[in-house]
Amino acid sequence: MSLAFLRTPFLPTAFGRFKCHKMSITRFSSNTEISASDPIADCGEVSQPEIRVYVRKKRMKKTLKVVVKDPLIEPKKEKLPDIEDFAYKKAGGSAHLKKSKLITDVLPVDIGTASMIRQTDKPPANWEIVLEGIRKMRSSEDAPVDTMGCEKAGTFLPPKERRFAVLVSSLLSSQTKDHVTHGAIQRLHQNNMLTADAIDRADETTIKNLIYPVGFYTRKASNLKKIAKICLVKYDGDIPSSLEDLLALPGIGPKMAHLVMNIAWNNVQGICVDTHVHRICNRLGWVSRPSTNQKTSTPEETRVSLQQWLPKEEWVPINPLLVGFGQTICTPLRPRCSMCSVNEFCPSAFKEMSSPTSKKKL
């Protein structure tokens, strides 16, 4: 083999050693035809132009694992949360909620995890001093909840009608301020529509017009019609007397169910935790997620955490107490920490006083 072959520009030296073959296939690495007289083609007897093909050593083929999905099985779709305060989901085929002395009553955990969760049973430091301080502040100033809360609904009605009025008020209070809910209840009363029979016979459009502008009034009007029908058929116009049956009603979540049980039936099975109680308990550091120091993310988590250490005699008064405190001093935006007499015991004091929208734009 001549040196001209080693210096030829057509040889891809970067590929290493290659064997020379005569082939008649169409796949090749170069489209250049080489004549028989070319010294590079001197790989044996050549009688006609041929194609020079450089063949690499074979590599091991990689096997790819392909997962074939059954077209008959449809993917599961995530269910969008309901518009109400809480989207109550049945666990284990039952809608029953226990008294939740432990978090294990509502969250399935193994025995090994239960011991870790019990650490939240310990009451927070100075909670009694803080609670007494809030009572004193509340006694010097009235809040909307004191005169227009759900527990005030139907106080002028007979027991059976009052229970239904409390249920209706609880349903309307979701995502709605107390004075708006109170106005809707007053309009329903003025039109003699605070009974299951009256709402069942009424047109849905009429109900919508009477309860407007409560939050999600269209959905709530529809739920009121459904609830009235259930109360007539199953409870002779009264409301359910158990937590499980209340939670089975459309649009009724744990917060509303516990409130109705406390007020309508005088049966305390849990704390009524709304957005005010949820916010204030987290600001005070009274509640946390299981086995962590993180804040609770939902009112239902707050309820379970709070019930682990708060004495049961405080379960009913804690709601109006903290709701009124949240409406007057510990407000959602720009809380009035300077006016709070227990700010020295609050880990969140003076940290949320400035509104994000008040900052100057650069």
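The model is predicted: local features need pLDDT of at least 70, side-chain atom pairs count only at pLDDT 80 or more, and totals for chains, interfaces and linings use all residues. Residues are numbered from 1 along each chain as its sequence is written, and side-chain values use heavy atoms, with hydrogens and water left out.

Aromatic pairs. I applied the rule that rings of Phe, Tyr and Trp (its six-membered ring) pair if their centres lie within 6.5 Å, with planes over 60 degrees apart counted as edge-to-face. The rings of Trp127 and Trp309 are edge-to-face, since their centres are 5.3 Å apart and their planes stand at 65°. Trp127 belongs to helix H3 and Trp309 to the loop between H13 and H14, 182 residues apart; helices here are DSSP runs (H or I, at least four residues), numbered from the N terminus. I found both Trp127 and Trp309 buried, that is, under 20% relative accessible area. Trp127, Trp286 and Trp309 form one aromatic cluster.

Ser241. I located Ser241 in the loop between H9 and H10. Ser241 is partly exposed because its relative accessibility is 46%. Leaving aside neighbours within four places in sequence, Ser241 is in contact (heavy atoms within 4.5 Å) with Met261 and Trp265. From C-alpha to C-alpha, Ser241 and Met261 are 7.3 Å apart, although 20 residues separate them in sequence.

Note on methods: Helices (H or I, at least four residues) and strands (E, at least two) are DSSP runs, numbered from the N terminus. Buried means under 20% relative accessible area, exposed over 50%, partly exposed in between (1.4 Å probe, protein chains only). Rings of Phe, Tyr and Trp (its six-membered ring) pair if their centres lie within 6.5 Å; planes under 30 degrees apart count as stacked, over 60 as edge-to-face and the rest as tilted.
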